Amino acid sequence: MGGQIGYLELAVQKSPGNPPAAWLWRPEKEILGAGIIVRVGGSFVWPPPNVDLGSITTLIFVAGGVGINPLMSIISHLHQKPPKNVVRIQFLYMTRFPRSENPSSILFLDRLRTLFQDSTYDGTFALFLTQCSEAEVDDLVERMGTSLFRPETVCGRISHMALLGAISPLEERKGTVAYVCGVPGMTDEFVEVLREAEGMEEKRVLCEKWW
């Protein structure tokens, strides 16, 4: 649109035992220009189905591991085309501590930091790191530097308290929509917490499970 060439961006983990992933990880010269077939569908999309777009004032994104992928797509789109009524975005991202100890090795972290630095929203970005110590997290935060937006960084899983703290005050929850994506156990747990929160409608909590 607007003279731009459409494109798809894929984040594919190297996995020799998975045929599609193995094919995409072949040398660039072997697959450049090759045709692929992409299937599009589902309800984990923006704008959310069965919700009046004009009623949305707050967006909550909750990602676990590779569940960051579809949420990265949505928030990138919102950055390019901000909805008029959305004034607040909360982003909670849980992932394993990077053994390389390099913050940039965390999937999409640098891009998220850039988006939140440039954002016109009242935005909060919290990073939850698992399988690590408090000292390791403190060291990683120092490595991030301050040239980009530095997220609140926590050692441990996303807690129920953190989830409930991310959603709007009770009187504003009718304008809140939450997207949750991650492994099934995490997704089921967090969706239940959000849907049972006072003032939250079930249709305003969307989820996608990644294995």
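I began with E9, which forms a salt bridge with R111, the closest N and O atoms being 2.7 Å apart. I took a salt bridge to be a side-chain nitrogen of Lys or Arg within 4 Å of a carboxyl oxygen of Asp or Glu. The pair links distant parts of the chain, 102 residues apart: E9 lies in the segment before α1 (19–24), R111 in helix α4 (residues 109–118). I noted helices (H or I, at least four residues) and strands (E, at least two) as DSSP runs, numbered from the N terminus.

The model is predicted; local features need pLDDT of at least 70, side-chain atom pairs count only at pLDDT 80 or more, and totals for chains, interfaces and linings use all residues. Residues are numbered from 1 along each chain as its sequence is written, and side-chain values use heavy atoms, without hydrogens and water.

I looked up exposure next (buried is under 20% relative accessible area, exposed over 50%, partly exposed in between; 1.4 Å probe, protein chains only). E9 is partly exposed at 49%, and R111 is partly exposed at 33%.

I then turned to helix α5, where R143 and D139 lie 4 residues apart, about one turn of the helix. Salt bridges that share partners join E101, D139 and R143 into one network. Between R143 and D139 the N to O distance is 2.9 Å. The count of salt bridges comes to 9.

Last, I examined the open sheet of 6 strands, ordered β4-β3-β2-β1-β5-β6 with parallel pairing; strands pair if DSSP finds at least two bridges between them. The edge strands, β4 (152–155) and β6 (205–209), each pair on one side only.
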